[in-house]
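Please keep the sequence and the structure in view while reading.

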Amino acid sequence: MKISQIRIEQQPDHAILRADCAGFDLWYKFPAPLQPRLSADPFIAACLLICMAKNQDLQLEDSATYSPTLLRNLEQLQDIFAYWQDYLGHNMHHIKIKGGTAKEEPFPCNDKVSFFSGGVDGYHTYQQNQQDIDYLLFAKGIDMQLSSDELYQQAFACNQQYLEKHHKLLYPIETNVRFLGYHNQLKWGVCFGGGLSSIALALGVKKCFIAAGLTYQNNVPEGSNYITDHLWSNHHTQIVHHGAEVRRIDKLKQLTKDQDFLKILRVCWHDHGYNCGECEKCLRTMSSLRLLGIKTDSFPPLSDQLVKQKLRDQKLYNIHDVQFLEENLDQAIAVNDTVMIEALQHIKHDFDMRALIKQADELILHGYAHKLKQLFVRH
């Protein structure tokens with residue numbers, strides 16, 4: 001994969017750092033107060049796992065500069081992700097970074113930042129590190145589609161007003177880095193550690209917090225985690241993975257102390273309203289809120305009827321989602337919510353049975369049943 005035409009396009013109200021990544025126009029847009037750093041580092045971070053999955057060396061144009069510190073870290077990153085290839089769903093090959101010039105260039109930005117979109121993990125990281133965060137970033141194109149202008153403006157205004165009360169600035173930024181993976185047949189879950197880090201590297205900040213979605217106890221190999229995130233750092237920008245010591249449901253418990261944030265809580269990524277109230281992530285959060293006795297205007301209450309009609313028939317396909325379900329199940333048992341206990345146990349039993357059938361297919365039929373199913377789906 002060749003990375004070329006790295007440049008900054010300066011406009012009166014914004015600046016865009018962009019490059020051609022094997023025909024994909026990858027860009028990062030920052031408002032006027034923020035000035036991006038001209039470097040190949042963000043593009044290397046965004047493209048590494050894609051190159052590993054495609055077994056392609058990463059070729060930089062001759063004029064490009066990159067951090068030797070980042071390059072050394074990439075060796076360890078490649079070792080780790082290569083061991084995780086069975087979990088990631090791709091054969092991950094060790095690749096080389098070619099071309100360009102290794103140079104530890106100084107950069108004047110000493111800002112410390114974190115991402116903030118109104119979700120649970122980002123809120124926890126902000127709350128725990130307020131004194132070490134200068135301002136926060138809300139990235140359009142990460143939590144919602146680039147085309148969702150109206151919804152983004154609504155969510156940004158809510159988050160901005162909340163943070164202003166705490167004397168913190170929130171900056172709107174935009175990037176299509178999430179779609180680079182899709183363009184190359186890689187899910188965001190595989191490459192989002194490098195993707196989020198690439199935003200920080202593009203901005204050239206001193207430190208950037210990435211909020212943990214999973215705990216030390218339940219961590220499984222994925223694109224962002226406490227094992228790999230810090231390795232996306234270069235000589236100037238430190239990437240910090242934060243919050244893996246606290247379960248999601250325990251982070252939600254903290255919200256009872258902050259009614260202002262509860263009013264703007266937003267977890268949905270389906271772009272069907274502020275929170276659609278129907279997707280897995282919304283129903284999971286609504287389950288936690290019910291079990292913790294928390295009410296908020298940003299979600300409808302999860303009634304017994306909704307539990308039986310919508311929640312109970314959910315099908316989970318990701319082990320991460322099962323782990324969140326188990327947190328809710330533990331809480332349901334603790335508060336003796338029999339309606340929730342039955343529904344959550346039903347969902348988990350369905351997941352376990354499908355996993356068992358898949359395992360039997362692989363061990364006994366060598367995947368024949370899955371191949372036959374895919375054949376019928378295509379036709």
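At 48% relative accessibility, Ala22 falls in the partly exposed class, because that class covers values between 20% and 50%. The model discussed here is a predicted one, and every value below was computed from it.

**Backbone at two non-glycine positions**

- Ala22 sits in the loop that joins strand 2 (14-21) to strand 3 (24-31), and its phi is positive, at about 55 degrees, although the residue is not a glycine.
- With a relative accessibility of 47%, Gln5 counts as partly exposed.

**A residue in helix 6**

- His183 belongs to helix 6, which spans residues 177-183, and its relative accessible area of 43% makes this histidine partly exposed.
- Although His183 and Phe24 are 159 residues apart in sequence, their C-alpha atoms are 8.0 Å apart in space.

**The pair formed by helix 10 and helix 11**

- Helix 10 (residues 280-292) and helix 11 (residues 304-311) have axes that come within 12 Å and cross at roughly 150 degrees.
- Because angles over 145 degrees count as roughly antiparallel, helix 10 is described as roughly antiparallel to helix 11, and the crossing of the two is left-handed.
- On the side of helix 10 the contact is made by Leu283, Ser287 and Arg290, while helix 11 contributes Asp304, Val307, Lys310 and Leu311.

**The chain as a whole**

- The protein chain holds 14 helices and twelve strands, and its C-alpha atoms fill a box of roughly 65 × 60 × 35 Å along the principal axes.
- A compact globule of 379 residues would have a radius of gyration near 21 Å, and the 22 Å found for the protein chain agrees with that expectation.
- Of the 379 residues in the protein chain, 55% are buried.
- Among contacts in the protein chain with a separation of 6 or more, 70% are accounted for by residues 24 or more positions apart.

Technical notes: Residues numbered from 1 in each chain as written. Predicted model: local features only at pLDDT ≥ 70, side-chain atom pairs only at ≥ 80, totals over all residues. Heavy atoms only, no water. Axes fitted to C-alpha atoms, helices over the stretch in contact; angles between N-to-C directions. Helix = DSSP H or I, 4+ residues; strand = E, 2+ residues; numbered from the N terminus. Parallel < 35°, antiparallel > 145°, perpendicular 65-115°, else oblique. Left-handed = near helix turned anticlockwise from the far one by under 90°. Contact = heavy atoms within 4.5 Å. Rg over C-alpha atoms; globule rule 2.2 N^0.38 Å. Buried < 20%, exposed > 50% of the residue type's maximum accessible area, 1.4 Å probe, protein only.
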